[in-house]
Amino acid sequence: MGIVAKQTIKSSVYAYLGIVLGGINVAILYPRILSEEQIGLINILLAMSAVFAQFSSLGINGVTNYFFHYFNDKVKGHNGFFNIMALVTIVGFAGFLLAYLFFKDQILISKAEESTLLTRYGIYLIPLTFFSLAFLAMDIYAAVLRNSVIGTFLKDFIFRILNLILIVAFYFELIDFSQFLFAYTMALGIPPIVIFLELAREGHISFRRPEKQLLHDHRKGMISVGKYYIFTGLGTMLITYVDKYMINLFLGLAATGIYSITNYVGTLVQIPRRAMGKVAAPLLANLWAKNDLKQIQYFYKRSSTSQLILGIYIFMGIWANIDAVFQIIPQNYESGKWVVFFIGLSNIFHCFLGLGGLLITTSPLYKASTYFTFILGLLVVITNLIFVPLWGISGAAMASALSRLIFVLLNLLFLHSRLGIQPILKEHLTIPAAAILTYLPVMVIAPQWHWLLLFATKGVAITVIYLFWLRVFGILPNLKQFLRLPKTSR
């Protein structure tokens, strides 16, 4: 089993355990314990801090993916690469602090005039941005050192356990909301600290000065990659978080809270893609350095097929049980039903691309990814400005789906025309066909049962029928072959 498959499976296991915890926290406890405004506040702070952290990173994640293999030498302290990463991170965070001090009022604007929560707790943007930035840097550093699992374990699993403890403590009035938010913020600082300590224990943290010759040879390239990755990452963050900011701007924190809860359900589709992407990025950069186009094409085909199989399977499971989902979530959140659909659909669009986006961002033509995300960033802002006033939170989800579709089409076209990779596969037709043939008979299962029994019945039916059609279409062996990806040289 190849390293990508191994670490994808491990990361996915922790991610899905985290999903169970996240489902308990977000879908069951949050709506029953916190007000809609409080949920909206937490999510808008997280959204803004993620965007600011990405911009403040100054592209260090791309630089690490693209150049670390040149510095990789444990005996020599990786030639001082950690110091480069740390210095860039500190400079970027200092830039954020200046921007926050000058534009605080504009950053914390909200439509809901009666809500003072965002103004009162806006100061938390500073530690949240710092912890997000530190995690971004440490997580990618661990990933290029072939330890992508630790970040997923800490962020998706351990943090959610802590979150569960905090929300229970708040419910029993052991802490008030101010203490809850403070502890929640501090808990987000644990993952980057633990990653740092673990890498230090393994001997990967060195404060030696960067090796002059290596720095001289790659400085211009690192600056160029970093510059473009700033905007690439910023575009990605806009796609992911601008909807919440726009909803807060037009509709207020309460609507943001409803959207955040239902949006979470739709994002479950993306878990396999996230886990695989983090593992594969440094490997793909290495393959491009070797110009191993055959292996790159192989990675693309297997990733696209496996992500589409798993993504559609999860989406079917969610949408077939959508009425049962809203027996778990309080009734006042039912206005977010179509948010679940469109956010799930947007992630299905991305599954068609597989690792195609990473192939571009790790290739010599990485600048194209920046142009795509810049266009997409503008598009997602424009579509939210149009759709949110028209259709509210459902409009924000529609804007995300449309933006993601255009992004995928641009990437597929570029893969074919400029990188010589065949992006359209027969599986892109046969897998959706298998899904349609699976969903049609399952949708007629609508007895008035308890939601748990309905979940189980439809889940088993979808699994059995879907596997049957995947086997009939000859698709199932592709997933098995993905799990036997050959190792690439380090």
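A residue counts as partly exposed when its relative accessible area falls between the buried limit, under 20%, and the exposed limit, over 50%. Keep that in mind for the close-ups below, which come from a predicted model.

**View 1. A tilted ring pair, Phe-82 with Phe-196.** The structure holds 32 aromatic pairs. In this one, the rings of Phe-82 and Phe-196 sit 5.9 Å apart, centre to centre, with 45° between their planes, a tilted arrangement. Phe-82 belongs to helix α4 (residues 81-107) and Phe-196 to helix α9 (residues 190-201), so the contact ties together parts that are 114 residues apart in sequence. Phe-82 is buried, at 6% relative accessible area, while Phe-196 is partly exposed at 27%.

**View 2. An edge-to-face pair, Phe-93 with Phe-130.** Here the ring centres are 5.1 Å apart and the planes make 65°. Distant parts of the chain get linked again: Phe-93 sits in helix α4 and Phe-130 in helix α6 (residues 125-144), 37 residues apart. Phe-93 has a relative accessible area of 13%, under the 20% limit, so it's buried. Phe-130 comes in at 38%, between 20% and 50%, so it's partly exposed.

**View 3. A charge over a ring, Lys-155 with Phe-135.** Last up is a lysine: Lys-155 lies over the face of Phe-135, 4.3 Å from the ring centre.

Key:
Residues are numbered from 1 along each chain as its sequence is written. This is a predicted model: local features need pLDDT of at least 70, side-chain atom pairs count only at pLDDT 80 or more; totals for chains, interfaces and linings use all residues. Side-chain values use heavy atoms; hydrogens and water are left out. Rings of Phe, Tyr and Trp (its six-membered ring) pair if their centres lie within 6.5 Å; planes under 30 degrees apart count as stacked, over 60 as edge-to-face and the rest as tilted. Helices (H or I, at least four residues) and strands (E, at least two) are DSSP runs, numbered from the N terminus. Buried means under 20% relative accessible area, exposed over 50%, partly exposed in between (1.4 Å probe, protein chains only). A charge sits over a ring if NZ of Lys or CZ of Arg is within 6 Å of the ring centre and within 35 degrees of the ring normal.
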